[in-house]
Amino acid sequence: MEEKAEYYKNKAVATAYQGRFDIAEQALKRAEELGMAKEEILMCSAEMLIAQGRYEEALQVYQEIKTENPLLIRKIASLALKAAEKNTDWITTAVGHYEWLKKMQFASYADQMNLATAYSMARWEKKAVSQLKEMNILYPNKYEICLKLGILSYNAELKKAVAHRDFTQAKEYVKKADNLYKYSGMKEKDAQLESMLEILKEY
């Protein structure tokens, strides 16, 4: 019975991503009828909403699930960060979940970068800089960290009166990012890095 329920749950998710939402709904209903646990049904419902691009609704479903599963916490954090691009109310959810991953030592490099991004989106620039400086020690060869530090430094200077602006630090970070990028062996150009190099030529 449990195996059949799992089959219908997987079918619900697969058909949702194929855009066959009526079939997905029927499959989910069948999984529930076969006794699938409420938590599994909720996670499936959320995944089906994600397939439709209904991120905020998916987040609301996820919040009904009490969990300390790092994989699910990461999924919620990532989804909240995406939802925050349109509705900034979700940024604190993203921050909270990424901070939990970091505190519990489950945070990957990507999670830590996303935490810095979330801090920036929340306009907590000092926290973003602190997070990136901490990462710069752990991952000294990652050009993206220096690039983000350069951008944050540049934006901080732009907020000052023209006479008090000093882009030295921003230029140093971006130059270091450029060197690390060149040594990384990547062939394709990073558009954001190229843009910052061009912008900082003026200063």
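This is a predicted model: local features need pLDDT of at least 70, side-chain atom pairs count only at pLDDT 80 or more; totals for chains, interfaces and linings use all residues.
Residues are numbered from 1 along each chain as its sequence is written. Local features need pLDDT of at least 70, side-chain atom pairs count only at pLDDT 80 or more, totals for chains, interfaces and linings use all residues, and side-chain values use heavy atoms, with hydrogens and water left out.

**Exercise 1. Determine how α3 and α4 are oriented to each other, and which residues make the contact.**

Step 1. Helices are DSSP runs of H or I with at least four residues, numbered from the N terminus. Helix α3 covers residues 38–51 and helix α4 residues 55–62.

Step 2. Their axes (lines fitted to C-alpha atoms over the stretch in contact, with angles from 0 to 180 degrees between N-to-C directions) come within 8 Å and cross at roughly 170°.

Step 3. Angles over 145 degrees count as roughly antiparallel, and α3 and α4 are therefore roughly antiparallel to each other.

Step 4. Contact means heavy atoms within 4.5 Å. From α3, the contact involves L42, M43, S45, A46, E47, L49 and I50; from α4, it involves Y55, E57, A58, V61 and Y62.

**Exercise 2. Describe the packing of α2 against α3.**

Step 1. The axes of helix α2 (residues 21–33) and α3 are 11 Å apart, at an angle of about 175°.

Step 2. This pair is therefore also described as roughly antiparallel.

Step 3. A24, E25, L28, A31 and E32 of α2 meet I41, C44, S45 and M48 of α3.

**Exercise 3. Check the length of α5 and state which of its residues are buried.**

Step 1. The expected span is 1.5 Å times one less than the number of residues. For the 14 residues of α5 (residues 70–83) it is 20 Å; the end C-alpha atoms are 20 Å apart, which agrees.

Step 2. Buried means under 20% relative accessible area (1.4 Å probe, protein chains only). L72, I73, I76, A77, L79, A80, L81 and A83 of α5 are buried.

Step 3. The cover over these residues includes α3, α4, α6 (91–103) and α7.

Step 4. At the start of α5, a side-chain oxygen of N69 lies within 2.8 Å of the backbone nitrogen of L71.

**Exercise 4. State whether D111 is buried or exposed, and list its contacts beyond its neighbours within four places in sequence.**

Step 1. D111 belongs to helix α7 (residues 109–121).

Step 2. Its relative accessible area is 4%, so D111 is buried.

Step 3. With neighbours within four places in sequence left aside, D111 is in contact with R74, Y98, L101 and F106.

Technical notes. Helices (H or I, at least four residues) and strands (E, at least two) are DSSP runs, numbered from the N terminus. Buried means under 20% relative accessible area, exposed over 50%, partly exposed in between (1.4 Å probe, protein chains only). Angles under 35 degrees count as roughly parallel, over 145 as roughly antiparallel, 65 to 115 as roughly perpendicular and the rest as oblique. A polar contact is a pair of N or O atoms within 3.5 Å; within protein, one must be able to donate a hydrogen and the other to accept it, and residues adjacent in sequence count only if both atoms are side-chain atoms.
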